[in-house]
Amino acid sequence: MSARPQPRTPLRQSTGQRSGRLPTHPDDVLKRLARSPQHPTILPSVEQQKRRKPPANPYTIGLWVLFALIGVVGIVPWLVPNRPSIKIEGLTDNASLQPNQMLSQVVKITTTPASAAAKVRITVDGIAVEPKRTEGQATLVLGALPEGKHSIKVSAGSRMLYRGPVDQRLSFTVDGTPPAATATLANQPTSLEDDVTISGTSEVGATVTVNGRNAAVAADGTYSITFPRAPIGALQIRSTDAAGNIGTALMPGVSGKLMPPTRGVHVSAAAWAYEPLRTGVLDLIDAGKINTVQLDIKDEDGRIGHRTQVPLANQIEASDNLYDLADAV
């Protein structure tokens, strides 16, 4: 059985209209009118109108020109080759120096390229100074300056539009005053075996030692140090600031206040050897009236009161052998 033939679709006459669009579409109607002899004045065609570009907006052009100028001004100064660099030696930023150090303090300035050193400009506290210039370097002795904060500025190169010359600045302090320090007893020890904490204040940035031991210093200048037991004698506080100035202070010792009071008697060797006198001394100890016995070891004439094992003392018969030292102790 043969296949049933499909009906043929009649060819569509070309009318210039787009596929899938009704013949009454305004664009197609205008195209037909433009080609019609009865309407020769319909010009230009719709396709030509679509291809026509709108006139340039002068404000838009001005903005693009402005952006271009900003880009040139912002980028070109940073592309200038061979801008000099500066290196300062002999002085660091925020340094502290004593007045006598300033008399010999040499600041050495090196530039790259070396030719820039011939035109380098230096000011100290805003006042222009003239350095000694050599090939690639400029040196300057700061000399006597009053105590306080100071600044030095080094400039090289020239201004390019808004970009100024290359600058480097340093700040420093001239300080010839020793730092003051205070000290107080931070705790209340009750015996020689208790630990003792000393606290106080010093100049900000200074280091502090108490009897030669380093104390912990906080950012505000307060310090503290703890001894495992009460130090003997007065306490010496030594404070050293950033410029090397040294201040000292003394604090009364605390060991004397912690020692028990001494109540004692002095006994000669002969008296200790005499039993009635020795018994009386021991009775005073038992009664709590004394806590110390000062017993002669050697008399004013050089005679030794106890039994000694020193050969020379026995040879010259300088030992009286009045008591046994170990038994007495």
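How many salt bridges does the structure hold? The structure, a predicted model in which local features need pLDDT of at least 70 and side-chain atom pairs count only at pLDDT 80 or more, while totals for chains, interfaces and linings use all residues, holds six salt bridges, a salt bridge being a side-chain nitrogen of Lys or Arg within 4 Å of a carboxyl oxygen of Asp or Glu. Residues are numbered from 1 along each chain as its sequence is written, and side-chain values use heavy atoms, with hydrogens and water left out.

One of these salt bridges brings together the side chains of E89 and K87, with an N to O distance of 3.8 Å. In terms of relative accessible area (buried is under 20%, exposed over 50% and partly exposed in between, for a 1.4 Å probe and protein chains only), E89 is partly exposed at 29%, and K87 is likewise partly exposed at 48%. A further salt bridge is formed by D167 and K153, whose closest N and O atoms are 3.9 Å apart. This pair links distant parts of the chain, since D167 belongs to strand β9 (residues 166-174) and K153 to strand β8 (residues 148-156), 14 residues apart; helices (H or I, at least four residues) and strands (E, at least two) are here DSSP runs numbered from the N terminus. Both partners are partly exposed, D167 with a relative accessible area of 35% and K153 with one of 26%.

In the salt bridge between R229 and E193, the closest N and O atoms are 3.1 Å apart. R229 lies in the loop between β15 (222-227) and β16 (235-240), whereas E193 lies in the loop between β10 (184-185) and β11 (196-201), so the pair ties together parts that are 36 residues apart in sequence. R229 is partly exposed at 44% relative accessibility, while E193, at 55%, is exposed. Salt bridges with shared partners also join K87, E89 and K108 into one network.

The sheets are described next. Strands of a sheet pair through backbone hydrogen bonds, either parallel or antiparallel; two strands are taken as paired if DSSP finds at least two bridges between them. An open sheet of four strands has the order β1-β3-β7-β6, and its pairing is antiparallel. Its edge strands, each pairing on one side only, are β1 (85-89) and β6 (132-134). From one strand to the next, the twist averages 20 degrees, where axes are lines fitted to C-alpha atoms (for helices over the stretch in contact) and angles run from 0 to 180 degrees between N-to-C directions. Within this sheet, β1 pairs with strand β3 (residues 106-112) in the antiparallel sense over five bridges, and S85 has T112 in β3 as its bridge partner.

Four strands also form an open sheet in the order β13-β12-β16-β17, again with antiparallel pairing. Here the edge strands are β13 (213-214) and β17 (246-251), each of which pairs on one side only. Strand β12 (residues 207-210) is joined to β16 by four bridges, the two running antiparallel, and T207 has T240 of β16 as its bridge partner. β16 and β17 form a hairpin with five residues between them, and G244 in the turn has a positive phi of about 95 degrees.

In soluble globular proteins, nonpolar side chains tend to be buried together. A nonpolar core is defined as a set of buried Ala, Val, Leu, Ile, Met, Phe, Trp, Tyr and Cys residues joined through side-chain atoms within 4.5 Å. The largest such core has 21 residues, of which L91, I109, L142 and I152 touch the most other members. The elements giving two or more residues to this core are β1, β2 (95-97), β3, β4 (121-124), β7 (137-141), β8 and β9, and the largest share, four residues, comes from β9.

With regard to aromatic rings, the charged end of R213 sits over the ring of F227, 4.7 Å from its centre; the criterion requires NZ of Lys or CZ of Arg within 6 Å of the ring centre and within 35 degrees of the ring normal.

Finally, Q309 is found in the loop between β20 (304-306) and α8 (311-315), and at 72% relative accessibility this residue counts as exposed. The C-alpha atoms of Q309 and S319 are separated by 9.5 Å, the two residues being 10 residues apart along the chain.
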